[in-house]
Amino acid sequence: MGNTVIEVKKLEKQYGKQKVVQDLSFRIEEGMICGLIGPNGAGKTTIMKMLGGLVLPTGGEMELFGGSTEKELAKARSRISFMIETPYAKEKMTARENLEKQRIQKGIPDKKRVDEVLKLVGLEHTGKKFVKNFSLGMRQRLGIANALLSKPEIMILDEPTNGLDPEGIVEIRELLLKLNRQEHITILISSHILSELSLLCTDYLFLQRGRLLQAVSEVELRKLCKEYFHIHTDQDALAVTVLQEKLGIKEIEVEEDGSIRLYEQLDNIREISRTLYEQGVIPLELRVCEANLEQYYMDMAGEQNVEHH
Amino acid sequence: MWNIIKAQNYQIKRDNVVWYGYVFAFILLLLLPFSSGVTWKELDGSGYAVMTMGELTFLAPLLTLVLTTRICGRDYSDKTINYEVLAGHSRKEIYFARVILSLCWSVTGIVILALLPILVITILKGWGHTADAVNLSVRGFFVLFPILRIVCVWVLLTFLVKNAGKAMVLGYMFYEVIMVVALVLQESFQMTFTIQFAFSNLAALMELKNFMLEYVDGSDIFVMETALKPSLAVQTAAVSLVAGAICLALGYLEFRRSDMP
């Protein structure tokens, strides 16, 4: 990862008395594929709209490529592509005409770029078909094509696979991965389908009711979501030594309260219990834990609900 | 801003409603003289010009309303404006690109609609004696000022309402209400509002009322008084520019500080 390309500090958006985004701070670095995760109403689209300049923040600061003034932000946005909510399209124009218009509007001199992106998203054979006759999936593809038109450095995508069939979802995912790895495009992508994001993202921002619950990398999250033994004994420090020396367990973590997490030999629970007991360590708690991304988010959101109440 | 103008032009040229509007207005203006009983034999360039000028008083505000609301309002509902903001264009560029386009398409359209038939008929039948060509041209030039002002009113209305259809309906209602109010004030209180209202200003410039009868080439013809009072011309230009600028400024302030739908 490299330089910071997007940074927000205590960003806020209030409508009347309701704060839809509050005290939001995060940073996105060059090269990340960052997933913005949260249920409907969490503030994902509002955050993207604020980054895009469609919605004006009521508090906080925002920087894009290091610039924070109105002029600098507008200039920075020319290096970013957005696809927010329903993709843009003129209904009584063809896909090619829509993209040609966008090409002119964005000041892209290369006329062949329209054909390139149409081919990239699989819409090159739509011919004279008007967008009003497109399926939802085709409109999503057109929106992605529009986002790719200017060869951006960052893509900000609001549920880009919405409405796509499973094959289309895979294609878009692979396209985004390719763009990130080969073109070094940074991606901020929102979704409430966590399983899809888990195949794509390098980092995650978990949101609930306009607040950031947690910012975590994919590596950290895998650790948190990995299946493990949770062990609590009467002599946790000795238990760690026993497990390492007697059973050769290397992937072991000690939590703040002293309890132990084992990430290996998960099918060897009998041997683990027996060995601990023989060494004079009494297991008080021994259970298998597993959290996928959805469960992890639900648990975290649930804890936060309790805290806030 | 230039890229937005080019892109919008690309779009407008493919908008059937715009072309239907122009064609409809053109046909209406072309056939109008004949609806009042004038025959082709009697028609000449100046006669046609005088007859259609009065009709343009009615057509010009409505044609500009359709054009302006299409250019400024339709792009709200399908998020064209949103994507211009997202592409990094400033709100000032987006707003004034649309203002320029609305003014250009409106003025160009009306000039062509007015001039083309006059030129064709003049070439075929000659200018005639009904009106002085130079004076009419001067009036035609000053007519552009209230038209510019009216376009600015439609721009303000469209950016306040943020919807082409609603702006068109409200604009038409506004036009009718203003006409009625001006008429009531004029008839009931003997108050004249030649330049205060853009529509009455337009009418004052385009509707020729005074005439005299002249005997030319063996027949009696009406000769319209076409000379324009300098005070009317100057006031028209000044009030139109100031009122237009105020409307544009208000429209921009509203656009600048509002969240996009």
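How many residues of chain A are in contact with chain B? In this predicted model, 20 residues of chain A meet 20 residues of chain B. Two helices of chain A, H2 (70–77) and H3 (95–106), each supply at least two residues of the side that touches chain B. Of the elements of chain A, H3(A) gives the most to this side, with 6 residues.

The partner of E5(A) is strand E6 (residues 154–158) of chain A, and the two pair in the parallel sense over 4 bridges. Within this pairing, A:Met83 stands opposite A:Leu157 in E6(A).

Turning to chain B as a whole, 9 helices and 2 strands are found there. Read from the N terminus on, its elements follow the order α-α-α-α-α-α-α-α-β-β-α. The radius of gyration of chain B is 20 Å, close to the 18 Å that the globule rule gives for 261 residues, so chain B is as compact as a globular protein of that length. Along the principal axes, the C-alpha atoms of chain B fill a box of roughly 70 × 45 × 25 Å. Of the 261 residues in chain B, 41% are buried. Among contacts in chain B with a separation of 6 or more, 81% link residues 24 or more positions apart.

Conventions:
Residues are numbered from 1 along each chain as its sequence is written. Chains are lettered from A and ligands numbered from 1 in the order in which they are written. This is a predicted model: local features need pLDDT of at least 70, side-chain atom pairs count only at pLDDT 80 or more; totals for chains, interfaces and linings use all residues. Two residues are in contact if their C-beta atoms, placed from the backbone, lie within 7 Å. Two strands pair if DSSP finds at least two bridges between them. The radius of gyration is taken over C-alpha atoms; the globule rule is 2.2 Å times the number of residues to the power 0.38. A residue is buried if 20 or more other C-beta atoms lie within 10 Å of its own, exposed if 12 or fewer, and partly exposed in between; C-beta atoms are placed from the backbone.
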